[in-house]
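Hi,

Here is the structure I promised to pass on. Have a look at it first, and then read my notes below.

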Amino acid sequence: PADVSARIQIVNHRIETARQYPSPHASPRTDVEISLIVLHCISLPAGHFGGRYVEELFMGTLSGHAHQDFSDLPAARVSAHLFIRRCGAVLQFVTFDQCAWHAGVSSYQGQQGCNDFSVGIELEGTDTVPYSEIQYEVLGSVVSALQAQYQIPTSAVVGHSDIAPGRKTDPGPSFDWEKFWCCA
């Protein structure tokens with residue numbers, strides 16, 4: 001992870017080495033400080049990795065005709081700050097000084113609307129397929145950089161399932177929290 005972390009620098013609320021895709025699905029942050037990191041997983045279609053469907057979803061350009069499972073997705077207005085592919089590539093859709101629309105109805109320690117005060121990181125994956133080693137290494141380095149930049153405590157790095165229990169299950173049982181913390 002040392003060689004990965006050496007490359008992770010946050011400048012002007014962007015990871016310098018990330019490919020930038022400015023999503024229209026974002027809103028200004030109020031004076032609320034970033035105090036939470038939320039880990040998610042996504043694959044489109046479900047269980048398929050690679051391709052551009054996730055990027056198209058976050059950019060609002062996904063066609064409902066691209067796959068039979070996508071009929072209701074073009075109406076979705078969602079994004080994440082970051083998307084980490086299985087190969088370790090980092091894509092940034094929303095700068096950290098903006099709200100990405102990743103959490104939906106959510107609550108953390110009694111505070112509603114987690115989008116307002118969190119960074120959302122999507123991992124290319126599913127609840128049931130193990131994540132790649134490089135994803136853990138890159139995620140650990142990214143989270144460490146975010147914690148240092150925004151003074152986010154380790155206790156405030158959670159899964160989507162933690163802030164939307166009963167509604168969300170990601171990053172799922174296939175996510176190895178112990179391995180992640182070894183990389184962070």
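Which residues are linked in a network of salt bridges? They are Arg52, Glu55, Arg85 and Glu124, where a salt bridge is a side-chain nitrogen of Lys or Arg within 4 Å of a carboxyl oxygen of Asp or Glu.

Before the details, please note that this is a predicted model, in which local features need pLDDT of at least 70 and side-chain atom pairs count only at pLDDT 80 or more, while totals for chains, interfaces and linings use all residues. Residues are numbered from 1 along each chain as its sequence is written, and side-chain values use heavy atoms, with hydrogens and water left out.

Back to the salt bridges, of which there are four. Arginine 85 meets glutamate 55 at 2.8 Å, N to O. Arginine 85 sits in the loop between β6 and β7 (90-92) and glutamate 55 in helix α2, so this pair ties together parts 30 residues apart in sequence. Helices (H or I, at least four residues) and strands (E, at least two) are DSSP runs, numbered from the N terminus. Arginine 85 also forms a salt bridge with glutamate 124, at 3.0 Å, N to O; glutamate 124 is in strand β11, 39 residues apart from arginine 85. Both arginine 85 and glutamate 55 are buried, as is glutamate 124 (buried means under 20% relative accessible area, exposed over 50%, partly exposed in between, with a 1.4 Å probe and protein chains only).

Leucine 139 touches Leu39, Ile84, Ile121, Leu123, Phe175 and Phe180, leaving aside residues up to four places away in sequence (contact means heavy atoms within 4.5 Å).

Finally, the largest pocket is lined by 29 residues, and Cys41, Ile42, Glu122, Lys168 and Asp170 lie nearest its centre. On a 1 Å grid over the protein atoms alone, a pocket is an open set of points where a 1.4 Å probe fits, with protein on both sides within 12 Å along at least five of seven lines; lining residues have an atom within 4 Å of a point. Strand β5 supplies the largest share of that lining, three residues.

Best wishes
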